[in-house]
Amino acid sequence: MRTTPRTTSGRVAAILAGAAATALVLTGCSSGSGAATGGGDGEVSGSITLQTWALTPTYTEYLDGVVKAFEEKYPEAKVELVDQPGDGYAEKVLSQASSNSLPDVVNLPPDIALPLAKRGFLQDIAKDDDTLAKTYVEGGLAAYEYKGVDGTFGYPWYLNTDIDYWNKTMFEQCGLDPENPPTTTDELFDQAATMHEQCPDDYLMSRKPGLSDFSLAGVQILNDEGTKFTFADSSKAADLITKYAKAYEDGLMPSSVLNTDYLGNSTLFTQGKVAWTTGGATAISDFEKNNPSLKGNIIVSPALDNPPLYVQGLSVSAKSKHIATAEALAAFMTNAENQEAFAHLVNIFPSTKSSQSDPFFSKDDGTVQAKARVLANDALKTAKNLNPVEANSAMTDFLDQQIALAMKGGTTPEKALQTAQTKMNTLLANG
């Protein structure tokens, strides 16, 4: 199973540029349109290839079952299942596209799909399916709709999100009410100050801000065309860094937060050194496994402000010889029945709206584990991708360094943001 790491790079994206120009001329496609001959209203027949990402052998039986059911429904269609290993997947997919060998249906997270959609390698599924909006949760579909590119370039397949985890004992010992943990970032700062005042050696906060925090603060990260980062143009971003810098100076978070060897708030939470972390609906099992003293000592609540969304999807190659069959398979695999069956096997959530009422996801049996699952399921109604897919790891790493520098007092928040934005726009233009 894969989440949505920032794996695309300027180097591999650049590979597509030259190949795309030739391929688009040969196929009659225009860059960014995702259009292809054949359309989605043709006969569901012919042989196609389905490519998944690091799902076999663990889920081979499930995948084979779905493929078999699809072929039984459409006897004239045949599906070959190919699974690629996890490492180097982005490079593999981009290489397939540049050599005109992209599988008919391919498992893509939004960030890897982006350069393919921009260069016309992916089908705009919205042209052929007018039921998307009523079938899938809004955030899942929105993840495959890109600035500056018209269309929807993936069926959302499986989802995840974060909720908040709090250490009950630390709350009680440090003057906080475990029944009323923070619900917003502002409340987090207020309660962090209370904890520090009551327990100077304990911490509620243990992180610095990033692009997702700018999004939550109402900062426009990108321009409407998706061609330039704009976060440094908003005073809200600098104000947020200033707020975190003061919290750091006041000792509201561990000094190691700004170090390159920082362990992360999840590890510190597991060690009982901080009272808050975020994680998926099943993270509590890992916390308790790695530190048995946390069992019965963890409370859960919705993510602060607005929940994040993590998406995997199935995209259709615009160069497929059997567009209708490929779209039919992607829609079949992501229908409610098949997604729910998959989500019962693995710790994910379906992207189909109707699945949110499934008791497996929506019923609270009184345990913390069930409450966590229900909270995450509810969060999917409003969850969204808080980090724009245009921001790859090289960009966010540089931004992270500049934010750390500003929080240490080595530069002003405004200058740090402007330096990061200039660098990130250079990388974006060259990618």
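Mentor: What follows goes through the sheets, then the aromatic pairs, and then the charged side chains.

Please keep in mind throughout that this is a predicted model. I would begin with the open sheet of six strands, whose order is 2-1-3-8-4-9 and whose pairing is mixed. Its edges are formed by strand 2 (77–84) and strand 9 (349–350), and because each of these has a single partner strand, one side of each is left without a neighbour in the sheet. Strand 1 and strand 2 run parallel and are joined by eight bridges, and along this pairing glutamine 51 stands opposite valine 82 in strand 2. Helix 4 (residues 110–118) packs on this sheet, where it touches strand 1, strand 3 (105–108) and strand 8 (310–316), and the direction of helix 4 makes about 130° with that of strand 3. Towards another part of the strand order, helix 14 lies across strand 4 (155–160) and strand 9, running at about 30° to strand 4.

The structure holds 19 aromatic pairs, and one of them joins tyrosine 59 to phenylalanine 342: the ring centres are 5.5 Å apart and the planes stand at 85°, so the pair is edge-to-face. Tyrosine 59 lies in the loop between strand 1 (46–53) and helix 2 (60–73), whereas phenylalanine 342 belongs to helix 14 (residues 336–343), so the pair ties together parts that are 283 residues apart in sequence. Both partners are buried by their accessibility, tyrosine 59 at 14% and phenylalanine 342 at 1%. A further aromatic pair, between phenylalanine 70 and tyrosine 74, is tilted, with 5.0 Å from centre to centre and 50° between the planes. In this second pair phenylalanine 70 is buried, with a relative accessible area of 0%, while tyrosine 74 is partly exposed at 22%. Returning to tyrosine 59 and phenylalanine 342, ring pairs link these two residues with Tyr62, Trp157 and Tyr158 into a cluster.

There is also an open sheet of three strands, with the order 6-5-7 and antiparallel pairing. Strand 6 (276–279) and strand 7 (298–302) stand at its edges, and since each has a single partner strand, one side of each is left without a neighbour in the sheet. With direction ignored, neighbouring strands of this sheet are turned by 30° against each other on average. Five bridges join strand 5 (residues 163–167) to strand 7, the two running antiparallel, and isoleucine 163 stands opposite proline 302 in strand 7. Helix 16 (residues 368–379) packs on this sheet, touching strand 5 and strand 7, and its direction makes about 15° with that of strand 7.

Arginine 373 lies over the face of phenylalanine 360, at 5.2 Å from the ring centre, and lysine 423 lies over the face of phenylalanine 398, at 5.9 Å from the ring centre. Side chains of opposite charge can pair when their charged atoms come close. With a cut-off of 4 Å between side-chain nitrogen and carboxyl oxygen, the count comes to five salt bridges. Among them is the one in which the side chains of aspartate 186 and lysine 243 meet at 2.7 Å, N to O. Aspartate 186 lies in helix 8 (residues 185–198) and lysine 243 in helix 10 (residues 235–249), so this pair ties together parts that are 57 residues apart in sequence. Aspartate 186 counts as partly exposed at 48% relative accessibility, and lysine 243 is partly exposed as well, with a relative accessible area of 32%.

Another salt bridge joins aspartate 213 to arginine 207, with the closest N and O atoms 2.9 Å apart; here aspartate 213 is buried, at a relative accessible area of 8%, but arginine 207 is partly exposed at 22%. In the salt bridge of lysine 295 and glutamate 288, the N to O distance is 3.9 Å, which falls within the 4 Å cut-off. Its lysine 295 counts as exposed at 60% relative accessibility, whereas glutamate 288 counts as buried at 13%.

Technical notes: Residues numbered from 1 in each chain as written. Predicted model: local features only at pLDDT ≥ 70, side-chain atom pairs only at ≥ 80, totals over all residues. Heavy atoms only, no water. Helix = DSSP H or I, 4+ residues; strand = E, 2+ residues; numbered from the N terminus. Buried < 20%, exposed > 50% of the residue type's maximum accessible area, 1.4 Å probe, protein only. Phe/Tyr/Trp six-rings, centres within 6.5 Å; stacked < 30°, edge-to-face > 60°. Lys NZ or Arg CZ within 6 Å of the ring centre and 35° of its normal. Pairing = 2+ DSSP bridges. Contact = heavy atoms within 4.5 Å. Axes fitted to C-alpha atoms, helices over the stretch in contact; angles between N-to-C directions.
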